[in-house]
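Hi everyone, thanks for coming. Today I'd like to walk you through some side-chain contacts, and I'll ask a few questions along the way.

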Amino acid sequence: MVMDIDRYAKVDKKIHPVLWARRDGEVPTFACRPKLVGLRQPKVVQYVRRTPGRRIDIGLTPLPANRIAHAVADFRASFETSEAAGGTRVVRTLTFRFTPVLRWLLEPLFARRLEAEVREELRLAKEHLESGRGARA
């Protein structure tokens, strides 16, 4: 489901709205106007790459795209899944390494609010998958 950005944007409000999405083989690329910790961000272009095993990595496409985002922070995200008693364990990671000039302002804000946004994203994804609407990949 994560590899289909338009479908995943229905449960991940942080990447909504998706402005466009396309695939280069197995790697989707998409542009969005993310909303993180209550703040609408400038447009970013991200890639989604499935790696061997049960992992999906997400990141910003390199420069010259995402000039503003790269100037503010290094961003990486992932999903890792493993079997667990009665279901599947999902570890969702979002990593922001802010530039020193903005770190003092953004790190406390993200620390306070981002965890709740990720919990809501995973709750909605679980609901979506369990209802049968997200059963594809």
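Let's start with this one: is R7 buried or exposed? R7 is buried, with a relative accessible area of 10%. Please keep in mind that what you see is a predicted model.

Now, who is the partner of R7? The side chain pairs with D4 in a salt bridge, and the closest N and O atoms are 3.9 Å apart. D4 is partly exposed, at 26% relative accessible area.

As a reminder, side chains of opposite charge can pair when their charged atoms come close. How many salt bridges are there in total? The count comes to 15.

Here is another one from that set. R92 and D12 form a salt bridge, with 3.7 Å between the closest N and O atoms. R92 lies in strand 8, residues 87-98, while D12 belongs to the loop between helix 1 (5-8) and strand 1 (18-24), so this contact ties together parts that are 80 residues apart in sequence. What about burial? R92 counts as buried at 15% relative accessibility, and D12 is buried too, at 3%.

Next, please find R97 and D74, whose side chains meet in a salt bridge at 2.9 Å, N to O. Since R97 is in strand 8 and D74 in strand 7 (residues 73-84), the pair ties together parts that are 23 residues apart in sequence. R97 is exposed, with a relative accessibility of 55%, whereas D74 is partly exposed at 25%. Which residues do shared partners join into one network? Those are D12, K14, R92 and E121.

Let's turn to the rings. The whole structure holds 5 aromatic pairs. One of them is F96 with F98, a stacked pair with 5.8 Å centre to centre and 5 degrees between the planes. Both of these residues, F96 and F98, are buried. F96 also pairs with F110, this time edge-to-face, at 4.9 Å centre to centre and 65 degrees between the planes. F110 is buried, as is F96. Put together, ring pairs link F75, F96, F98 and F110 into a cluster.

Methods
Residues are numbered from 1 along each chain as its sequence is written. This is a predicted model: local features need pLDDT of at least 70, side-chain atom pairs count only at pLDDT 80 or more; totals for chains, interfaces and linings use all residues. Side-chain values use heavy atoms; hydrogens and water are left out. A salt bridge is a side-chain nitrogen of Lys or Arg within 4 Å of a carboxyl oxygen of Asp or Glu. Buried means under 20% relative accessible area, exposed over 50%, partly exposed in between (1.4 Å probe, protein chains only). Helices (H or I, at least four residues) and strands (E, at least two) are DSSP runs, numbered from the N terminus. Rings of Phe, Tyr and Trp (its six-membered ring) pair if their centres lie within 6.5 Å; planes under 30 degrees apart count as stacked, over 60 as edge-to-face and the rest as tilted.
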